[in-house]
Amino acid sequence: MKSINRRKFLILGTSTTILALGTHQLVKNLRSNNNNFSNKSYALNSENIISSQNGLLEATLEASYQEVPLGNRTAKLLTYNGQVPGPRLEAKPGDKVRLHFINNLSQSTNLHYHGLHLPPTGKADNVFLEVKPKEKFTYEFDISPKQTGGINWYHPHLHGLVADQLSGGLAGLFIIRDQLDEIPEIKAAKEEFLVLQDFSLYDNGNLLPANRMPLMMGREGNVITVNGKENPSFSLPENGLLRLRIVNASTSRFYNLSLENHPFYLIANDGTTLEKPIELSEILLTPGERIEVLIKGDKNPGNYQLVSLPYNRGSMGMMGGGMMGRGMMGNRRNNIDNNTPIPLATITYENGVTPLNLPRELMPISPLPQPQTTRQFSLNHGMSPGVGMAFLINGEAYQHNTVQTQVKLNTVEEWEVINTGVMDHPFHVHTNKFQVISVNGVPNPYPTWKDTILVRRGERVRIRIPFEDFTGKTVYHCHILDHEDLGMMGSLLINT
Ligand code: C2O
Ligand code: CU
Ligand code: CU
C-alpha cells in the first residue's frame, strides 16, 4: 500500500521533491528513455505487462540500480525499468520482438531468454554478447512458430556475473500465449503468476556482498519474495480453479512447494504443457524451473498457506556450511530457517462460481526417435589449474575460448548427466528443449519436455535432445548460478 502511494507520488512530484527523496537516478532514467527511443507507447498497463500488438512486441528495458519497495521495506536492488521483478512480456508464436535494452548498471550485462527456442547468435538469445555500462543494444528476433504456450523468463547471462546480477533482482517473465490458454477449463480458471526470488539484505535494505563459502553451496537470501512481496495473498474462487504459474528466479534456493489441504494438479512444466494433469502433493522447484498448477476450490472456504517444505540439497561438508551469515557484518537480517516450512503466499477463498472441472486432456507429446549419438556429462567440483576450487563438467571448468561439445543440426542425442558430487545440480540446456527419459534407470513416469532438470547427488539422468532450426554456439550449465559462474558450464556448438 505504502509503496504504491509513494510511486504515484514520484510520478506526480516535481523534480526537486524527487531529488530530496534520493531517487534522482530514477528520474534521469525515465528521461533518458524518452529522449533516446521513439515515443511509441508500449502498451504498459498498471500491472507492468508489455504485450505484443499486431504481431510485434516492442519495449524498452533498462537495467539500473534503484530503490524499490520490497515486501515491507525499501531495498536498493538491480531492476529492469525500476521494477523487481521486471515487466512481464507477452507474445504469441510467430511474433516479432524488438527490445531496446539500456545498461545503466556499473558493470556489463546482457539478456538471456530462458525457455525460448531462438537462435543463440546475433541479436537473439546470444549470451556471448556484452552490453557495457551506459551502452544500449537492441535485441531483435522472431518467436518461433513452433514455440508452444507457456512460461519463459529473461535474466542476465554474462558468465562470472550471472549470480550477482540475478540475486540483485534482475529477472522477468516472458509469457507465450497459445492453445493452452484456450482449453476451456484453463481459460475459465483464475490466472496468477508467481515469481519466486530471494535476496540477501542488510537491515537498511542494501544488498549484502556475497562471500566465498556460501557461493560454493550457492547463496540463499534472507528475504524471500513472491512478485516482490512477502507472503502475498491470491484468491481462489470457491468451486473454481486457480491456475498458478510459478518460476523459481532465485540464484540457488530450491522451493519444495506444498499447499495446505490442497493437492496440485500439474499441467505444464518449463513452459511446455503435459498430456494430462498430474496430481501431486509436493513439487520441488529448482532454480530456473517453471511449473503451472491448477488448484481446486473444493475445500472449506478460508485461508491456506503455500509453503516451501524442508529439502536437503546437499552440502560441502567441512568446507561449506557454518561460515554463512553470523556476525561479521553486523546489521544483516537473520538467515531463514530451512528446517521448517517457509510461508510463501496465502491462498484465500473468494465468492463462489459455478463448479469447474479439471481438464481431462491437455496437449499430446510425441516421443523423440532413437538418438544418433549418446554422451555423458559428469557434474562435480574440484581443483582446477589456475582457478582453485571450481565447479566442473567432465572434470573441466568453463573456458571462454574452448568448445566443449559439438553436435550436428537435425540430429537427436541422448545425454546421460551424472552427479558424482555432494550437492544437487539443476542441469539446464539453452536453445532446444529435451525429453526426460529416465532417472537412475527408472523411466520417467509421464512424457514431458523440459529445459532444466534436477540431477541429485548420486543420480544419473538421461535426457534426449533434438537440435533443430538453429546453428551456432550456445551453452549448458548448472542453474545454481553460483556454480555456473564458478565453472559449471560448457559451450555447445551446433554445426550444419
Ligand atoms: Cu536461466 Cu543459462 O539460464
Ligand atoms: Cu536458459
Ligand atoms: Cu550446481
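Is Arg-290 buried or exposed? Arg-290 is buried, with a relative accessible area of 0%; here buried means under 20% relative accessible area, exposed over 50%, and partly exposed in between (1.4 Å probe, protein chains only). Keep Arg-290 in mind, as the tour comes back to this residue.

**Before you start**

This is a predicted model, in which local features need pLDDT of at least 70 and side-chain atom pairs count only at pLDDT 80 or more, while totals for chains, interfaces and linings use all residues. Residues are numbered from 1 along each chain as its sequence is written, chains are lettered from A and ligands numbered from 1 in the order in which they are written, and side-chain values use heavy atoms, with hydrogens and water left out.

**Stop 1: the copper ion**

Select ligand 2, the copper ion, together with His-112 and His-428. The NE2 atoms of His-112 and His-428 coordinate the copper ion at 1.9 Å. Donors are N, O and S atoms within 2.8 Å of the metal (3.2 Å for Na, K and Ca); water is not among the atoms, so sites may look incomplete. His-112 belongs to strand E6 (residues 112–114) and His-428 to strand E25 (residues 425–429), so the pair ties together parts that are 316 residues apart in sequence. Strands (E, at least two residues) and helices (H or I, at least four) are DSSP runs, numbered from the N terminus. Both His-112 and His-428 are buried.

**Stop 2: a sheet of strands**

Now colour strand E6 and look for its sheet. Five strands make an open sheet in the order E1-E4-E9-E8-E6, with mixed pairing; two strands pair if DSSP finds at least two bridges between them. Strands of a sheet pair through backbone hydrogen bonds, either parallel or antiparallel. At the edges stand E1 (49–51) and E6, each with a single partner strand, so one side of each has no neighbour in the sheet. From one strand to the next, the twist averages 25 degrees, where axes are lines fitted to C-alpha atoms, for helices over the stretch in contact, and angles run from 0 to 180 degrees between N-to-C directions.

Next, zoom in on E8 (residues 150–155) and E9, which run antiparallel and are joined by five bridges. Which residue in E9 is the bridge partner of Ile-151? The partner is Ile-175.

**Stop 3: aromatic rings**

Show the side chains of Phe, Tyr and Trp. The whole structure holds 16 aromatic pairs; rings (for Trp, the six-membered one) pair if their centres lie within 6.5 Å, and planes under 30 degrees apart count as stacked, over 60 as edge-to-face and the rest as tilted. Tyr-113 and Phe-174 make an edge-to-face pair, 6.1 Å centre to centre with 85 degrees between the planes. Tyr-113 sits in E6 and Phe-174 in E9 (residues 172–176), so this pair ties together parts 61 residues apart in sequence. Tyr-113 and Phe-174 are both buried.

For a tilted pair, select Trp-415 and Phe-467: 6.3 Å centre to centre, 40 degrees between the planes. Trp-415 lies in strand E24 (residues 412–419), and Phe-467 in the loop between strand E30 (460–466) and strand E31 (472–478), so they tie together parts 52 residues apart in sequence. Trp-415 is buried, at 0% relative accessible area, and Phe-467 counts as buried at 1%.

Ring pairs also link residues into a cluster, including Tyr-80, Phe-101, Tyr-113 and Phe-174. Then find Lys-473, which lies over the face of Phe-128, at 4.5 Å from the ring centre. A charge sits over a ring if NZ of Lys or CZ of Arg is within 6 Å of the ring centre and within 35 degrees of the ring normal.

**Stop 4: salt bridges**

Side chains of opposite charge can pair when their charged atoms come close. A salt bridge is a side-chain nitrogen of Lys or Arg within 4 Å of a carboxyl oxygen of Asp or Glu, and the count comes to 37.

Here Arg-290 returns: its side chain meets that of Asp-270 in a salt bridge (3.8 Å, N to O). Asp-270 is in the loop between strand E15 (264–269) and strand E16 (272–280), and Arg-290 in strand E18 (residues 290–296), 20 residues apart. Asp-270 counts as buried, at 0% relative accessibility.

Finish with Arg-460 and Glu-416, whose side chains form a salt bridge (3.1 Å, N to O). Arg-460 is in E30 and Glu-416 in E24, so the pair ties together parts 44 residues apart in sequence. Arg-460 counts as partly exposed at 39% relative accessibility, whereas Glu-416 is buried at 11% relative accessible area.
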